[in-house]
Amino acid sequence: MNNKPAEWAMKAALVAGLLLPAPALADDKATLERALAAAIATFEAALPHLDTSEFGVDVAAYRDALTLGRFSSGHWGGTVSVATVIRDGATGSCGRFAAFVRIPPENGSVSLVLCPQFFADGADALRELTVLHEMVHVVAGGDECRAMAFAARVQQAADGRFTPVGAYWSANGCEESAFRLPG
Ligand SMILES: [Zn+2]
């Protein structure tokens, strides 16, 4: 009988530990779904204005990766699936990035890892841009200038404007690259 309070304390801790993260994860999933839907809407609006390849990105493969989570890859070879992973700790690469991808594919799968900063920081528009950007890495590899140029091209083609990325563009030395921002 004497251990009843301890038992209840333990149950409360279990409930706190097991049940509280679930709504937070559900929120993150909803946020990610919203960002994906926004990125898809922007891409689909841009699609009629895009060539079959833009900055070396296979546009059909990009579309499949974004909308289906699976694409036939001339870049990596074979069929590649995209696995989205929500991380709840800002450790490792999540200490530096809002999102990152694990490339090249392993066993036919590329992980798109979404970090706490992706969910905590900034507006939906920034999350949408992050998805558009990371999906370039998924399809076409790690070149930062290509990813920025392609994402800006998609935004520009969709509604005539793109998110200013000048500081990041310069920081990555993209003025010297083969890629260009719109305008
Ligand atoms: Zn990048």
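This is a predicted model: local features need pLDDT of at least 70, side-chain atom pairs count only at pLDDT 80 or more; totals for chains, interfaces and linings use all residues.
Local features need pLDDT of at least 70, side-chain atom pairs count only at pLDDT 80 or more, and totals for chains, interfaces and linings use all residues. Residues are numbered from 1 along each chain as its sequence is written.

**View 1. The hairpin of strands E5 and E6.** Strand E5 covers residues 99-106 and strand E6 residues 109-114. Strands (E, at least two residues) and helices (H or I, at least four) are DSSP runs, numbered from the N terminus. E5 and E6 pair in the antiparallel sense over 5 bridges; pairing requires that DSSP finds at least two bridges between two strands. Ala99 stands opposite Leu114 in E6. Arg102 stands opposite Ser111 in E6. The hairpin has 2 residues between its strands. Strand E5 also contains Pro104. The peptide bond from Ile103 to Pro104 is cis, with omega near -5°.

**View 2. Strand E4 beside strand E6.** Strand E4 spans residues 79-86. E4 and E6 run parallel and are joined by 6 bridges. Ala83 of this pairing stands opposite Ser111 in E6. Ser111 also has Arg102 opposite.

**View 3. Positive phi at Phe55 and Asn107.** Which loop holds Phe55? Phe55 sits between strand E1 (53-54) and strand E2 (57-58). Its phi is near 55°, a positive value in a residue other than glycine. Asn107 lies in the loop between E5 and E6. Phi of Asn107 is near 50°, again positive in a residue other than glycine. Is Phe55 buried or exposed? Phe55 counts as buried because it has 21 C-beta neighbours inside 10 Å. Asn107 is exposed, with 5 other C-beta atoms within 10 Å. The scale runs as follows: buried at 20 or more other C-beta atoms within 10 Å of the residue's own, exposed at 12 or fewer, partly exposed in between, with C-beta atoms placed from the backbone.

**View 4. Helix H5 crossing helix H6.** H5 spans residues 124-140 and H6 residues 144-159. Their axes come within 9 Å and cross at roughly 125°. That angle makes H5 oblique to H6. Axes are lines fitted to C-alpha atoms, for helices over the stretch in contact; angles run from 0 to 180 degrees between N-to-C directions. Angles under 35 degrees count as roughly parallel, over 145 as roughly antiparallel, 65 to 115 as roughly perpendicular, and the rest as oblique. H5 passes H6 in a right-handed crossing. Right-handed means the near helix is turned clockwise from the far one by less than a right angle; left-handed means anticlockwise. On the H5 side, the contact uses Leu129, Leu132, His133, Val136, His137 and Ala140. H6 brings Arg146, Ala147, Met148, Phe150, Ala151 and Val154. The residues of this contact between H5 and H6 divide into 9 nonpolar, 2 polar and 1 charged. Contact requires C-beta atoms, placed from the backbone, within 7 Å. Ala, Val, Leu, Ile, Met, Phe, Trp, Tyr, Cys and Pro count as nonpolar, Asp, Glu, Lys and Arg as charged, and the others, Gly among them, as polar.

**View 5. Helix H3 crossing helix H5.** H3 covers residues 59-68. The axes of H3 and H5 come within 10 Å and cross at roughly 120°. H3 and H5 are therefore oblique to each other. Their crossing is right-handed. H3 contributes Ala61, Tyr62, Ala65 and Leu66 to the contact, and H5 contributes Met135, Val138 and Val139. The residues of the contact of H3 with H5 divide into 7 nonpolar, no polar and no charged.

Key: Two residues are in contact if their C-beta atoms, placed from the backbone, lie within 7 Å.
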